[in-house]
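Here's a quick briefing on a predicted model. Take a look at the sequence and structure first, then read on.

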Amino acid sequence: MRFAVVSFPGSNCDDDCVRVATEVLGETAWKVRHDERDLRRPDVVLLPGGFSYGDYLRCGAIASLSPVMEAVAAFARAGGPVLGICNGFQVLTESHLLPGALLRNAGLKFICEDAHVRVDGRPTPFTAGVQGVLRLPIAHNEGRYHADADTLARLEGEGRVVFRYCGPDGTVSDAFNPNGASANIAGICNEGGNVVGMMPHPERNAEPLLGNGQGRALFDAALRLVGGAR
Amino acid sequence: MKPPYTPEIIRQHGLTADEYARVERLIGRAPTWPELGVFSVLWSEHCAYKSSRVHLRRLPTTGPKVIQGPGENAGVIDAGDGWAVVFKMESHNHPSYIEPYQGAATGVGGILRDVFTMGARPVALLDALRFGRPDHPKTPHLVEGVVHGIGGYGNCVGVPTVGGDAMFDASYDGNILVNAMAVGVARADRIFLGRAEGVGNPVFYVGSKTGRDGIHGATMASEEFGEDSESRRPTVQVGDPFTEKLLIEACLEVMGEDLLVGIQDMGAAGLTSSSCEMASRSGSGLHLKLEAVPVRESNMTPYELLLSESQERMLMVCERGREQRLIDIVTRWGLDVCEVGTVTDTGRFVCSWHGEVVVDVPVAALVDDAPKYERPMRAATTPPAVGEVPVPADLGATLVQLLARPSIASKRWIYRQYDHMVRTGTALRPGDGDAAVVRLPETRRGIAMSVGCNGRQCALDPRVGAALAVYEAAINVACVGARPTAITDCLNFASPERPEVMWQLSQAIDGIAEACRALDTPVVSGNVSLYNETEGRGIHPTPMIGMVGLMDDVATVRGAAFPSADLAVVLVGGAAPVLGGSEYLLLATGELAGPPPAFDAAQARATIETLLAAHADGLVLSAHDCSEGGLAVALAECCFGRDVGAAIAVVGEGRDDVMLFGEAQGRVVVATDRPDALLAVAAKHGVPAAILGRTGGDRLRVRCAERTLIDAPVAELRRGWATALEEMLR
């Protein structure tokens, strides 16, 4: 399978995404620069974490205006699977490929630790066949998902909340909400289900050395789906 | 400004009357105003090591694993399979006290540049922090600012902050320590050096534009603080981690092709030190055209351009004819790149400003002829011996108190604010083991790292304290399963103009040298920070040690926490714990009294070898050394990680509190499923070892003969330990 990993100036998880695709999964991956318009025919597009353009303006705001995002939007409109991780999620909301916004953490501090998330909602290319609770690292300063009441109701009604912060046993409550996100939302998808944004980093726990390897499930799901379609 | 200069002007440049006379003698005339500035920074303590250099020579700096020792931007060791590990630690103490966020942030930026300047991809950061006493009114503000600054820079630049330590002591009330260590990896045959060679080769300026920030930062860092230190804020630089990230990528891409002769970052003393150091190492000269330097402020003078410490800037010497490729790569990363001069064979540092020569002095006068002092030394008075300490009636309550001391308590509040997982190589995260471990990219190998130093032990006996700091860093690395290989150091001391302080520095260097020789861990890089003193009150001598260890298979890494129930708990190492300099003594009496624990070089070496042999045989399931707070604190910490209790029986005839809370280096709590084999390995190496008990349950029970010393639920012990830092900042 072919992964295109978008690289903005200041992206710092782009190498990690390429690494998981190539060294862990044994697939093909390449980086696409912010100023390129050709994704080079990938099966999946990954928008990695980091601090695009330094995040000196609103996180992801400048990245959403870069030339490569026109190509990503076209790929998404055509139904191509897109996964935005952390800063990539922020870029997707700023690009209006996903609704809502990521605000500063409720505790006003950067948080880096493991979080548990429950896989919820409708199947997506990255969650089809993935069930239960995953332990995934989070590392962000602006991860508090926010949307207006109507949007939240639509997301819930359409099964578009795909990850929710929870306890190790799947309990969803304030006690397990690291950043104050609305309804413990850690990740959502678009109406078509092909564009997914999430604050946790599945690529940081895709092999046992780095935790328990549970993050790999998302990439395996994409492999099953895209591999099967071919 | 033109000569003659008033004594006041000369003093403001950090030069003594004698030093100024030396400048005039060396160049045969009075210096121009920019030349005076150049001498001022290059002859500062910070740049010239003028008080420490004669002593630093005594450190062991060579060994079979050493590829590059001190003298370059960072040290380099051989990591096997053609890989090299590049690392250095540096202080940013003075700026961090004045402006904690930017001071700490630019400390991280500076040490990263030292490492990627060598051609290495930075893969890990560590920070050793020392703050004043927890209830000092300034401490919370300084802790918040420094931690925020380290996170703000390191997180953005995409290098994981994987480890470090933090201690609190009244001696740092007026002078905090922020020592940052960066570790990078490179191909061993692709190491770049700070050289300016090849007459006619062009010199390029790469990175951020130059502003007026940080002018005379190096001079400031070479003075003690007075009442006006707060007004020094303009001499602190401002960091831009986004530009640093671009600079890393641009430099590594440039270094991937054969374009460069040499490269050097513009750190302390900016353009001046980078160019002069490069020319000095190569015995060449440089001609800079200052009007070509990219600026971000108007009307900047040659003096300001030469002394600015604006961040995120590099100086590169390119091979003539290959400039365009260099320009193309750097421009693609959106950074400034300008030809600012050429390499000459005159041995002179020449700067012109729109055609007019404003600096023309021999490089040797600036670098080699900088003053070196054999400053007078006098042994510091021996601190008092430990006096009356009543044995506490409730040892369990004392343990709870000790665990909640900020120096001992969980540092989660700090490391939770640092991205410690980016680059997907962190095999042992902060808080999980005695050392941090990252994977050596593209291999199965691991790099283990530990930083630290107990300033109290050094205050009691600088020689022994420094040796113990090396030993503890080595033990930490061995606990996780790596072989201690080499160190970097950061020698933080008070004013060298006081004979007692010079003696402390000299003694500490001897202590480091002794321990490094015993453990085969040469010093490959380092930094000296003097004048950590405010209104005559100095810090504890704090020779911070950053140890790097190597392991063949990163998957065999071991943490500190007891992994499960029904394992034997073995204490490896037999040094006798003492109360001198201990955290317990400070808690009980508020006093610093000695003597500190002893350092036994032969036992240290044997203990490290025991641990490594036990790891090789798969006998170690967890390992944690006894440090501040002694055996009882170490046992409690082993219980915390996975909520596994233990039933322990200690054997001893001394006081119960000394047995539980006394400190000594080189005692390791190991969990194993084959205790007899572990005892045999220890016996073979001549190291005492004893079975203490077993893991299991949800309580920590410690008894001695028939007496119960401690019996408490693990959850209860953990409470204060987990929240102490947050409580302190509230």
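Glu113(A) and Arg416(B) meet through their side chains in a salt bridge, 2.7 Å from N to O; the term covers a side-chain nitrogen of Lys or Arg within 4 Å of a carboxyl oxygen of Asp or Glu. By that rule, seven salt bridges turn up across the interface of chain B and chain A.

A word on ground rules: residues are numbered from 1 along each chain as its sequence is written, chains are lettered from A and ligands numbered from 1 in the order in which they are written, and side-chain values use heavy atoms, with hydrogens and water left out. As this is a predicted model, local features need pLDDT of at least 70 and side-chain atom pairs count only at pLDDT 80 or more, while totals for chains, interfaces and linings use all residues.

**The interface of chains A and B**
- In contact (heavy atoms within 4.5 Å) are 30 residues of chain B and 27 residues of chain A.
- About 2500 Å² is buried between the two chains, with carbon and sulfur atoms giving 52% of it; this is accessible area (1.4 Å probe) lost on putting the two parts together, summed over both.
- On the chain B side, Phe242(B), Arg416(B) and Thr424(B) lose the most area to chain A, together 25% of what that side buries.
- α8 (139–157), α10 (241–255), α16 (412–415) and β14 (426–428) of chain B each supply at least two residues of the side touching chain A. Helices here are DSSP runs of H or I with at least four residues, strands are runs of E with at least two, and both are numbered from the N terminus.

**The seven-stranded sheet in chain B**
- This open sheet has mixed pairing and the order β8-β10-β7-β11-β9-β12-β13, where pairing takes at least two DSSP bridges between two strands.
- β8 (260–265) and β13 (356–362) of chain B are the edge strands, each pairing on one side only.
- Strands β7 (202–207) and β11 (336–344) of chain B run antiparallel and are joined by six bridges.
- Which residue of β11(B) is the bridge partner of Tyr205(B)? That's Cys338(B).

- The peptide bond from Pro3(B) to Pro4(B) is cis, and Pro4(B) sits in the segment before α1 (7–12).
- Gly594(B) to Pro595(B) is also joined by a cis peptide bond, with Pro595(B) in the loop between α20 (583–589) and α21 (601–616).
- His354(B) isn't a glycine, yet has a positive phi of about 50°; its place is the loop between β12 (348–353) and β13.
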